[in-house]
Amino acid sequence: MAMEKQCTYLIYDENVVRTEPSELAAGLESNDVKLKVSTMKKIILLMLNGEQLQTLLMKVIQFVVPNEDKQLKKLLYLYLEAVEKRSADGHLLPEMILICNMIRNDLNHPNEFVRGSALRFLSKMREKDILEPLVSSLRANLEHRHSYVRRNAVLAIYNTYKCFEDLMPDAPELIAEFIDGESDVSAKRNAFVMLCNCDQDRAVQYQLSVIDSITSMGDIIQLNMLELIRKVCRQDPFQKSKYVRAVFNLQSSASNSVAFECANTLVSLSSAATAVKTAVQAYCTLLGTHSDNNVKLIVLDRLSDLQHKHPEVLKTLIMDIIRGLGSPNIDIRKKVLALVMDLVNPNTIDEVVAVLKKELTKSHASTDADKSTDYRQMLIQAIHTCVIKFPDIAGTVVHVLVDFLDDANATSASDVVLFVREVIETYPRLREMVVQKLVTYFPSIKVAKVFRVTMWILSQYSETQAEIEAALEAIKSSMGSLPLVDEATLQAAANTAVVTEKSGPAVLADGTYASQANTGMSLVAKDAAPSVRTFLLGGDFFVGAVAGSAQTKLVMRLASLPGVAPELVNRHAAQAMASVCGIVKLGKSGVTPNRLDDDSQERLWLCLMMLNDPGNAAMAEIWNEKCRSAYSALLVEKQKGMAQPEEAKEEEKARKIKAHVDDVITFRQLRGKGVVVTEIEDEDAMDLSRATGAGEEEDFGSRLKRVTQLTGLSDPIYAEAVVTVHEYDIVLDVLLINQLNEPIHNVCLELATVGDLKLCERPQNYAMQPHASLNVRANIKVSSTETGIIYGNIVYDVGPAPNNAANIGDGGSMVILSDIHIDIMDYITPADCTLLQYRSMWAEFEWENKVAVNTTITDPVKYLRHVVACTNMKCLTHIDDETSECGFLAANLYAKSIFGEDALVNVSIEKQRDGVLGGNLRIRSKTQGIALSLGDKITLKQKVQE
């Protein structure tokens, strides 16, 4: 089997064009240095992309090696790093003797750049036959006058000792003497790294000898010192006392990197409150002073981890953490608010709310409209969360939030008014103040939904005669004088018989929206201030129905008050009836963009019936008391739904057993790959195992489920693949078995992709003996959430391998592979969002895919549970099992991909007379791929209940 080439760099260029070796050879033979440089660059790119250019090695030695140009010299070493250095039989190529002689001359060259380039090349060399004759030159370069040469000489010696210890058995002792007399920071750092990895005892001895002066060293050495401290303390926890003081001293370093690593080291060395507090303070300092947003996000992740282990310490420093809101980045602000909401407690709630109110006021005055709107919405939600956790502060925040009812942004204003509605129902003592505020701000409201909710609040919670009359006057003023449209306009509309079309976007066959032109006349001036009247003239009769209902409730409540004159009730009832009739007349006239819908018309006629007898006690109880009690019951259910996950977390935490009395004691030296990290181990030591998936436990059975057969059992080469999806990467572990009775060579697994998948490397060629097996790994990058397909073939030549390894044919035989389909569910995770956010995304997203219900399941709730399970989405609609007796069901599902893409699904189903479920599932997303892929998944999985 062919060995994998060793190369420490990759260069990907989509525009690279295959060039004939003769043309490249001519470029190398040219006397023009610039042409030689461009030719060498082209050769390196072609070699890194899989081209075999072994025949050009002698040309490079003849025409490039003697040249003294610095850029050409650098390209020469890059070429030597990538070129194949051994023949097919595994022996070193004869040409390498000439290369070795060139390197020896460069190691003794008077120019320090040439020496450094040669030493950098040797620091990555893995060929013993090349390194062996150069050992004496490596030793000599340790004493060179220039620090650039010395630091690279240390790296070259480190590589030589690590790969072939027998070539320089005294290297650790040599470097230990070197580090004591070295003054250059970089050279000293390289020497210390070598001692840490090759002779840790010498490294610890040197570290303890300079432990008192560690604060005056360069930051690159300090970082390696901290790494060694963690490594030593993992191996022997009793050594921690020697280093804690030094780590505390380094905490005041001017380098942000050192301060961050010091904080990590302190947390790993000690769980004492003082150490954790010092680490958190360092994190908070970085959060407030560092300019890189990525660093701030990493710091916030560290703080989130500490919050789970040391919540009490972080609670005392919550005001330091909340200063992170000063960052203009919305993602950082979001993480800071989430962390603060977890840490807030009765002792700090007042200070936190004061900061949130201050930030809310600043966001209102911000010039960046888009960012300030999103930020303001997050602040409102954070204040809402604080009120739910600590009800006593409701009185201090509600008056601030009411000031934002006139926000032009629909989402922020809707959040405020819904929050006010919850507060006024939950805290009766605040009702009088809130009602007065709502009446004051009613004329300045700009959003239709805020108008509707505000009118509902005024109709339900205006208790006194003064409040009721003020509310009626506010609604009447916003509607303006009657009639809403004069007779001349109505007559003109009747004469011209204007045909109006339905407003709203039309969905085309490809899922995009098309705008519709409206031929109706516009009754609203462009500069008209928003009011109930402007929404009515604009065709929004939902607002009109709520306005009529609110006036009716207020009149009925006024009639139920003792001591109110009947004449006053009759006057307000007549005014309300006139308003309702005006709305109905406007809706039927045809002058508005939309006609009055049937639901609103029925509601308005019902209002007229109630206004005809406002003193009816039975109807007043239904319209006023039962309506409010229904909302109260809804709030109770909502609070129960919010409390259940928290209770479940607490119960799970209480049931969780940290350690059993008969647990096996784990020795780190005997630990396997899957053992859990102990407390004294820091997380950066396990980064490699986490990245490669070694820390994830997987039994043999689950691995077998991911095996895909690629060829038939009777094919010359049998192939099967294990598909592993790891966030943004897909790894294919392909097993190849030669089922022929003769050897095959130039075996190449050629893969191609459909969708947003990209292969990371070019395929290599292998040789296989009869009935031999071969494991080939292919890495594929994923860039978006959609169903991808991987297809390809295996090409090979039958017979003995040719003598010249560079002579590779085009593949005499071929085996076609079966397609591998990548499941979209590997990238989708359940997510949560508010109803307002869901509706906002639903209106914004362009792509829609409608899937008809086609299933054997007859129960609506069971069908919904089945869809949720097979799509890996979260149901945002609260569904009880008791609702299974109902014949229809509507629910919203939401999920988020690992790439940040949102997927929305609206389920609308009903049970038909024959017992079969009918209806539709509407899928919306910002991109076409996720909408189509999710629709295909639902269509495939919905028929049979798993």
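Helices and strands here are DSSP runs, a helix having at least four residues and a strand at least two. On that basis, the protein chain of this predicted model contains 38 helices and 18 strands. Of its 946 residues, 45% are buried. Among contacts with a separation of 6 or more, 67% join residues 24 or more positions apart.

Let me turn to confidence. The average pLDDT of the protein chain is 81, and 84% of the residues score at least 70. Helix H9, residues 147-163, has the highest confidence, at 92, whereas strand S2, residues 513-514, has the lowest, at a mean of 48. Two stretches call for caution. Over residues 497-504 pLDDT stays under 50, and the model has 18 contacts beyond four places in sequence for them. Residues 673-686 likewise stay under 50, with 24 such contacts. Where pLDDT is low, the predicted coordinates should not be read in detail.

I now come to a helix pair. How do the axes of helix H13 and helix H15 cross? Helix H13, residues 219-235, and helix H15, residues 256-269, have axes that come within 10 Å and cross at roughly 10°. H13 is therefore roughly parallel to H15, since angles under 35 degrees count as such. The residues that meet include Leu-223, Leu-226 and Ile-229 in H13, and Val-258, Cys-262 and Leu-269 in H15. Charged residues also take part, among them Asp-219 and Arg-230 in H13 and Glu-261 in H15.

Arg-557 is buried yet has no salt bridge.

Finally, the backbone. Most residues other than glycine have a negative phi. Asn-746, which is not a glycine, has a positive phi of about 55°. Asn-746 is placed in strand S6, residues 744-754. His-771 also has a positive phi, near 60°, and is found in the loop between strand S8 (765-768) and strand S9 (773-782). Are these residues buried or exposed? Asn-746 counts as buried because its relative accessibility is 13%, whereas His-771, at 52%, counts as exposed.

Notes. Residues numbered from 1 in each chain as written. Predicted model: local features only at pLDDT ≥ 70, side-chain atom pairs only at ≥ 80, totals over all residues. Heavy atoms only, no water. Buried < 20%, exposed > 50% of the residue type's maximum accessible area, 1.4 Å probe, protein only. Salt bridge = Lys/Arg side-chain N within 4 Å of Asp/Glu carboxyl O. pLDDT = per-residue confidence, 0-100. Contact = heavy atoms within 4.5 Å. Axes fitted to C-alpha atoms, helices over the stretch in contact; angles between N-to-C directions. Parallel < 35°, antiparallel > 145°, perpendicular 65-115°, else oblique.
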